[in-house]
Each structure stands twice: as structure tokens, then as C-alpha cells.
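Dear colleague,

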Amino acid sequence: MQKLTFYAQSAPQKLDRIGAYLDEWLSWDVARHRHGYVCIAMEAMDQLLMACHFHINLFVDSFLKMVLKLLELDKPHLQILGTNSFVKFANIEEDTPSYHRSYDFFVSRFSEMCHSSYEDPDIHTKIRTAGIKGLQGVLRKTVNDELQANIWDPQHMDKIVPSLLFNLQSAGKATATERRSPSPQAPVEEESLLELTEHCFRELLGRATYGNIKNAITPVLIHLDNHSLWEGKNFALRCFEIVMHSVQSQHSHLVIQQLLGHLDANSKNSPMVRSGIVAVLLEAAAIAVSGSVGIVLEVFNTLLGQLHLSVHYDLACYGDSSNSGTKMNTINEERQLQEAVITTIGSFANTLPKYQRSDVMLSIMRKILDPGVHPVLASTGSGPEGTRMIQVMLLKSLVQIGECRETAQRSHIRTRAHKEHMVTAGFQTTNMLTALPSSILGPLLSFSLSEDPEVRLLVLTILLGFIDRHDNRPKVSAISIMSDISVLKLKGDKCSKQDIVFMKKHGEELYRHISLVCKDPSSDQKHYETLFTLLALLSMELANGEVVVDLINLALTLQDVAVSTEESLPVYNRCAVHALVAAYLNLISQLTTVPAFCQHIQEVIDVRQKEMPYLLPEDIFIERPRLPSSLEKVEGEVLFLKSKIAVVLSGSGYNTDRLAVPYFSHHTEEDGPPNRKKSIGDIVSLPEEVEFKNNPEEEERTPAEEITFESLKHFLVDTVGMVEQEREHGKQVVERFQNKVNQIFETTMTPPPSPSAQSVPLFELKFPSGFVY
């Protein structure tokens, strides 16, 4: 070999004749079964390849012919020998391209070796390992050579990818079995085969570009279909975990879009198959968060379409009069699919920037208002029950989006010091103006007017998910009277300017809908518990001094609602509202840290515990509450006094003027008559753009006012004068108010003046310090 190598390097033009000579002798030895000489010929060719790789094109044809002859033989050791030689050749980087090579035979033969079924497990493992190495060699040799036949063509991918998946599955099963029952004689080749297969699969996917990623993923989907691997989920999840971690991050969305298309293609398949695909989608979305996932509204339309179909199948199966056991099994599978789709929608929303998430939520709301706009639902004729079920499912999707946003923000809080590694940058919502814009909050609050209690509860849950930014929700989820809320370790930041603007803009609307849910006779324990959590989160997340007073006023107004005989509320609801008010005032009094406020709340709670325990949450929010026959004598010391609360709060610097105005004493036109319930379709309408008429015959055109410097000057002067005039008018009103109050105090609280002494108003008397609290 030394002489042959020196000769080949000295006279490289002779390499083609040397290769032909070795090929001729190998054919001679193969025909005569002289396998020892066959091994010598391949060893000689291998050494020549390594020594003369700069002139590899001169004898590579002869080399490939020799490898081909060995692979065609039905001799395992010769097949392995030929494969090892091919792998050595594949690892050589060539400087000059080749115009006439073809690797089609090698792809077919190596793929066939990957499915070897020799009776001897040791032999078939070695042959499968050789097949995987051969495919890896073909990939390395062809993927970057534009002159070769495109390895990404379906005719090649349909052989390579299933071969890898077959070994990934079979080797994984064998390894799992060995781990459960280890044996000293157990071979280690199975583990190496699994690792080699996974490495080859990752390398294949990592080399895929934008134009050929589809050809690499399609065989994966077909393989999972043909072998019914969606239902088990485990292998499918493992498979796409490798896929999502291996493909280039900018191509992740292509994989997800293929999964969505495959889900649509299996719309008529069993719910377990569809559920498996959805589970894989969920896993893929979770992995792709850190990548460039170009998710658009069409993705969510696909998932929402699957929800519509599942509800239709659910109702159709429910109305079927066939075997009840099979029917209930199918219904349960459809329900599992629906939950999986809802969870996946939330996971996808977690990968979107804020502006796209708002678009998704608005799109879902439009479908809630009019489910018939979806062509699938419109053709099913599922009726009112189908419409209600779909609306509930869509609201659950909004709940999931809020939950995912809440989880992402918790992650942001935990990893604030490691911003360079954050994967939830798109969900760092620092204010509610961006989290809940008017286009979303308005229709969302309107859903609380629904006649369906489940819908109202879902709306409240959605609000909780968006308001809770410091993970306080689990700490205040149970409604109770706590003597010391410091044990809850509640967290919060100072209310930002954006949050203050949000509450000034939407606070009244929030309070109004909270009141309406409280006054609904169909509200139960879950509604009141969720309302308590909502009020608590508003107090900790979005409350400044003004909002605190508004929330206290809202609570006292709700107490008036429970006491009023005009509201036709059942006894349970009246007691529940009283209990809710007591629990919330107990919480917010400790948050404000005003001693007199806390003392008054505690005094009322103590009286209720002795005389009317059914007005407290511990006695009303239980499985079997003891309700009184009527609530006609709820008065006096068992009620929280607005006047007393106003005095103690004003003494601590709070502006209590707003306490004088109760909230929501009457129904509005939007609420409709008190005795009529509304469905979602009746109460919600999304804002649409205003259409302006440009026809001069339909509207009169007003002449445009000419704008000059003088007109602007007069306008500014007039504006300043108006501001000063309004300010002076306000001072006069306050002075007249104070004078009138002084007159009232003088006439009602002081004795008539005597001739001998000048009277002093009672509120101006100087009391000894011992009489002052």
C-alpha cells in the first residue's frame, strides 16, 4: 500500500486506471466468494481516497461501483463494509464539483437496510445502524451540492424520513424495555442506534431551507397517519419536539402551518386522532415561542373551525339513539378535543405580539356575536344549543388567552434580571390600556348581561386573567373574613399613570357591570367568589386614592341593593351580596391602613357574627347555608354606615365627595327592562366604522370657515377668558355652599341666642382633649 499510494500521488493521472483495476479484481473475487480479497480491495480503495482526495474525481466512479456491488450482496458483513467505505467517502470535502454522479440507488438501498428484519437481533441492529450511517453520508454529500439530484425531492424524502422514524420508534421501544428490565447481557447497540437515528434526523431537519422544509415534514405526517401514531400521542409529541428544536427558528411557522393543514385534512377523522394533532400543535407552539413564529389570524380561524366541528359532532352524537356506551365514549372524546383546542389557542396567543393578540381576541368576539358566520356551523343547523355551546367555547378561548398572558407575566417577574434570555417579551404588559383596549373591553363587559350564568362567569374570569399582574389571584380566590391580610403576602406596585387613565376611562363601566352581575338572581357562589377576587385585584393593581373611594362607594351601593325591597332578589342572593360586601370592605380597610375604618368594619362584622351570621361569607358560601325566611330587619348595627366611613376616610386625606353619589340606582336603556333577560346576540355589538355620506343631494354642505391669524388670536383670548370665568364661577359656588351649610348648622344645632350672651355654633366649640378621638 505504501508503494501504491506513493505511485498514485506521484502520477495522479493514473488514478482512474488504478480504480478500474481494483474494481475488476473486486468483481472477480465477489463472483468466486473470496471475501478476504474483497476486504483487501476495499481497504486499498479507502486508503487511496484518504491520500489522494484532491484528485478524487478520477477514480470515484470506480469506487462507487465497488460499494454498489457490496451493497447488492446478501451478506451482512459485506453490506456493512461497503457502507463504512461510503461513509468515509462522504466525509471528504471535495474542491471540484461532479457532474455525473447519482446517489438514487444508495438512497433506496440504505433505506431498505434501515428496515432490516434478520432473525438475529444483533445482526439486524448492525445492518440498521449501517443504513442510518449511509443515509447520513448521502445527506452530507448531496445537500450542499447544487449539481447533484435534489435530495429534498419527495421521491427521496419519502424513503429517508420514514426510515429514520421507523428506527426512532423501534429503537426507542427496545431501549425503554431494557430500562424497565435491565440485564447484564443486554446489548448496548440499541441505545447507540437510537442516538444515531435522532442525530441523523436532527441533521436532516437542520439543513432544510425555506423552500424544502415542506418536503421534509410531509413524510413525517404521512408516517404518523399510516401507523396510527396520533392516538398514542407520545411518539408524535417526541417526534415534533425533535422537529421544532432542529429546524431553523425562522422556519418554525412553516411547520406549524403544515400541522394546521393536516388538522383540516383530518376533520372527519376520529376525535382521538384530531386530539393528537392538536396536542402536537400545543407542544410545537410552546417550543417555538423563542423563534420567529409568523402566526396570523388564519391559524386561529383553523383552530376555531375545529371547535365548531367538534361541537357539531358532539351534538350529533348526543342526539343519536344508537349504542349508549359508544355514544358517551365519543362525546367524552369530543369534549377532550375541545379542551385541547382551547388550550392550544391560548398557547398560540402567547407567541404573538400585543397588537396581533388584540386582533385575535376581537376576531373571536365577532364569532361569539354571530356564530353563523362560520360556514361549517351555518351548514350544520345545530340550533340554539349549538350556538350557546360554541359561544361558551369561544369565551373559554378568551379565558385561555388571558391565562397564558398571566403566566407569561409571572415568568417576566421571575426572570426580570435575565432579560436577554426572556421568551415572553411580547407579553410584558405594563398597563391596562394596552392589555384591554376599548375595542375589546366594551364588548367583553357587555357579555356580562347574558342570561347564561356560565357566560357571565367566563367574562369575570377573563377580566381576572388580564388584571392580575403580580400573581395575587390565587391568594384572594376564596371569599372570607380575614383578621390579618398580611399573611397573604400580597404584591403590587404604585399605580402608574397609564393605569390611572384606564380607570378614569373605564372605571364607571366596570363598576356598573359588577353591580349588574351582583343583582342577577341566577348568580351563585362561584359568581360572588369571582366578583370578590375581581374587586380585590382592582384594589391592588389599579387603585389610587380616587379609585379606592369609588370601590368603597360601589360596595356600599351593593349593600343598599341587598337591603332595598325594590330589587326582586331571592333571599340567598341578598345574603350573598351582604357577605361579599363584608369580605371586601374587610380587605380594603386593611389595605388602606386607616385604623378607624378598620375598627368600624370589624365592629359590624362582630355584630353580624352574633346576630346575623348568614350575612357573612363563612355561613352563606357553604354547601348547605342556613337561610332566614326573610331579610326585613337588616338595619342598624349590622350595616356598614356610609356617613361614618366618609368621616374616617376624609380625616385620613381621602376625597370622599364621591361617596355622596350612589352607583347604578336604576336600569339603563342598554340593560333593558329588569324582568327581561338577554342573550349574547341581543346585548353586544362591536364598534364599526362610521360611514359618511358624500352625496350632496342627501346632506347640506356647510361653508368652510376661513382660518386667519386674527381668528386664531381671538379664539385663544376667548378660551383663556372662558377658563378664568369658569374658575371664578366655581369659587362663587363653593362660597355659597359653605355659607348655606353654616346657616343650616346655626339653625339646627345651636340654641337660640340670648340677649346676655353671644351664641357659639356647636361645631366651633373647643372640647377638652379627653373627648376627642
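**Overall composition**

Of the 773 residues of the protein, 48% count as buried. Please bear in mind throughout that this is a predicted model. The secondary structure consists of 30 helices and zero strands. The accessible surface comes to about 39800 Å², and carbon and sulfur atoms account for 54% of that surface. As to how the chain meets itself, consider the contacts between residues at least 6 apart in sequence: 75% of these join residues at least 24 apart.

**Two helix pairs**

Two packed helices are described by the angle between their axes and the distance between the axes. Two such pairs are set out here.

The crossing of α11 past α12 is right-handed. On the α11 side, the contact is made by Phe 240, Val 243 and Met 244, while α12 contributes Ser 252, Val 255, Ile 256 and Leu 259. Sorted by class, the residues of this contact between α11 and α12 are six nonpolar, one polar and no charged.

The other pair is formed by helix α22 (residues 497–518) and helix α23 (residues 525–541), whose axes come within 12 Å and cross at roughly 165 degrees. This angle makes α22 roughly antiparallel to α23. Here α22 passes α23 in a left-handed crossing. From α22, the residues Asp 499, Leu 510, Ile 514, Val 517 and Cys 518 take part; they meet Tyr 528, Leu 531, Leu 534, Leu 535, Leu 538 and Glu 541 of α23. The contact of α22 with α23 comprises nine nonpolar, no polar and two charged residues.

**Two buried residues in helices**

Leu 165 belongs to helix α8 (residues 154–180). Its relative accessibility is 0%, so Leu 165 counts as buried. Setting aside residues up to four places away in sequence, Leu 165 touches Phe 201, Val 220, His 223, Phe 235 and Cys 239.

Ser 62 is found in helix α4 (residues 60–72). Because its relative accessibility is 11%, Ser 62 counts as buried. Apart from neighbours within four places in sequence, Ser 62 is in contact with Asp 16, Gly 19, Ala 20 and Asp 23.

Most residues other than glycine have a negative phi. Two residues are noted here against that background.

Ser 228 lies in the loop between α10 (213–226) and α11. The phi of Ser 228 is near 50 degrees, which is positive although the residue is not glycine.

Lys 489 is placed in the loop between α21 (453–467) and α22. For Lys 489, phi is near 55 degrees, again a positive value in a residue other than glycine. With a relative accessibility of 64%, Lys 489 counts as exposed.

With kind regards

How values were computed: Residues are numbered from 1 along each chain as its sequence is written. This is a predicted model: local features need pLDDT of at least 70, side-chain atom pairs count only at pLDDT 80 or more; totals for chains, interfaces and linings use all residues. Side-chain values use heavy atoms; hydrogens and water are left out. Axes are lines fitted to C-alpha atoms, for helices over the stretch in contact, and angles run from 0 to 180 degrees between N-to-C directions. Helices (H or I, at least four residues) and strands (E, at least two) are DSSP runs, numbered from the N terminus. Angles under 35 degrees count as roughly parallel, over 145 as roughly antiparallel, 65 to 115 as roughly perpendicular and the rest as oblique. A crossing is left-handed if the near helix is turned anticlockwise from the far one by less than a right angle, and right-handed if clockwise. Contact means heavy atoms within 4.5 Å. Ala, Val, Leu, Ile, Met, Phe, Trp, Tyr, Cys and Pro count as nonpolar, Asp, Glu, Lys and Arg as charged, and the others, Gly among them, as polar. Buried means under 20% relative accessible area, exposed over 50%, partly exposed in between (1.4 Å probe, protein chains only). Accessible areas come from the Shrake-Rupley method with a 1.4 Å probe; for residues, only the protein chains shown count as cover.
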